[in-house]
Amino acid sequence: MSILEQLEQLKAEAEREIKEASQQSKIDELWTKYFGRKGGELTSILRGVKTLSAEERPAVGKAANEVKVFIEELFAVQKEKIYQDGLAAKLSAEQIDVTLPGKWKAPGRIHLLNITMRRIKEVFKGLGYSVVSGPEIETDYYNFEALNIPSNHPSREMWDSFFLREGLLMRSHTSPSQVHVMEKQEPPVRVICPGKCYRRDAVDATHFWEFHQVEGLLVDKNVTFSDLKGTLELFAKGMFGHRRRTRFNPSYFPFTEPSAEVMVDCFVCDGKGCRVCKNSGWIEIMGSGMVHPRVLKGVGYDPEKYTGFAFGMGVERIAMLTYGVDDIRLLYEDDMRFLSQF
Ligand code: PHE
């Protein structure tokens, strides 16, 4: 076969093979087959041109060059085609149907307890109180002694505590925060101390071993029981509505004297009597009282010069009353079906 015939054959073969190649790897392979430095079919023919006689060389050289350009062009076209086909396939695979409905993601929401906590804080901030927090791990001194609850005093039973190592416990109420605040500053004091408390209570619909309280404390010159009543009446109205009325029943806490439990007329039935107020028309919302002189003395305040009142409320209880939740455990179960209602 003459070289010219060989070139013709090569040209036809290359055209068929290259046009059939549908992958870049095949193209690379074919490129080596035709143009490879060693053993490339066209490369060999082009090299051979040098060995031809002077008469043959121009015609064969020209033909060989034309075939070379022709095949190179085939490669370029096919390469572009593979690229475009790949791109088209990718684009159609990744097509976005903008008419499909979006994926719904539950937005975070504020937990019922935090909603309640925020509302309580807002009311007291409006009355000029500042918000402070105390430690959840307390010493016996702060949780009891400084609050006029000596060891072995029967009232300790009101706060069945989780004890840690000797002398330390999880605070069983927020009242120890009062002591921390008073130790740090001189009167006038006007603070609320919200936070978690822990009690070794058996869990039921109204008790949980972990819960929240908001403590309040006001100490100044000439603070009277009337101030306590006025303040907590304002709180009840701010929290439960301006029509609410309050009532103060005698109570007992070792760190307040006198002590009172604060009742608000039932905001569910307007005092007529219902399930929430157990038909009494009144709901207990917190404990309160005038700070015991011994507590004042203990932190270095002069009880002859200063008086004050304190109060403490359970946030779970307020949240449950406000939103009609009948089991405290719902507040700790993270069940979205419950939580998403608020
Ligand atoms: N610390 C009391 C309790 O846990 C509540 C309270 C606070 C009562 C302040 C009076 C004054 O029951």
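Colleague: Which pocket is the space taken by the ligand?
Modeller: This is a predicted model, in which local features need pLDDT of at least 70 and side-chain atom pairs count only at pLDDT 80 or more, while totals for chains, interfaces and linings use all residues. Residues are numbered from 1 along each chain as its sequence is written, and side-chain values use heavy atoms, leaving out hydrogens and water. On a 1 Å grid over the protein atoms alone, a pocket is an open set of points where a 1.4 Å probe fits, with protein on both sides within 12 Å along at least five of seven lines, and a molecule sits in it if more than half of its atoms lie within 2 Å of its grid points. By these criteria, the space taken by the ligand is the largest pocket.

Colleague: Which element gives the largest share of the shell around the ligand?
Modeller: Elements are DSSP runs numbered from the N terminus, with at least four residues (H or I) for helices and at least two (E) for strands. Those giving two or more residues to the shell are helix 7 (175-184), strand 5 (210-220), strand 8 (282-291) and strand 9 (307-314). The shell holds 15 residues (a heavy atom within 4 Å of the ligand), and the closest are H173, S175, R199, Q213 and E215. The largest share, three residues, comes from strand 9.

Colleague: Which strand gives the most residues to the lining of the largest pocket?
Modeller: About 1,300 Å³ of space lies in this pocket, and its lining has 45 residues, with T206, H207, E284, G314 and R317 nearest the centre. Elements that each supply at least two lining residues include strand 6 (246-253), strand 7 (256-265) and helix 10 (315-323). The greatest contribution, eight residues, comes from strand 8.

Key:
1 Å grid on protein atoms, 1.4 Å probe; cavity = no way out; pocket = protein on both sides within 12 Å on 5 of 7 lines; lining within 4 Å. Points joined across faces, edges and corners; volume = space filled by probe spheres on them.
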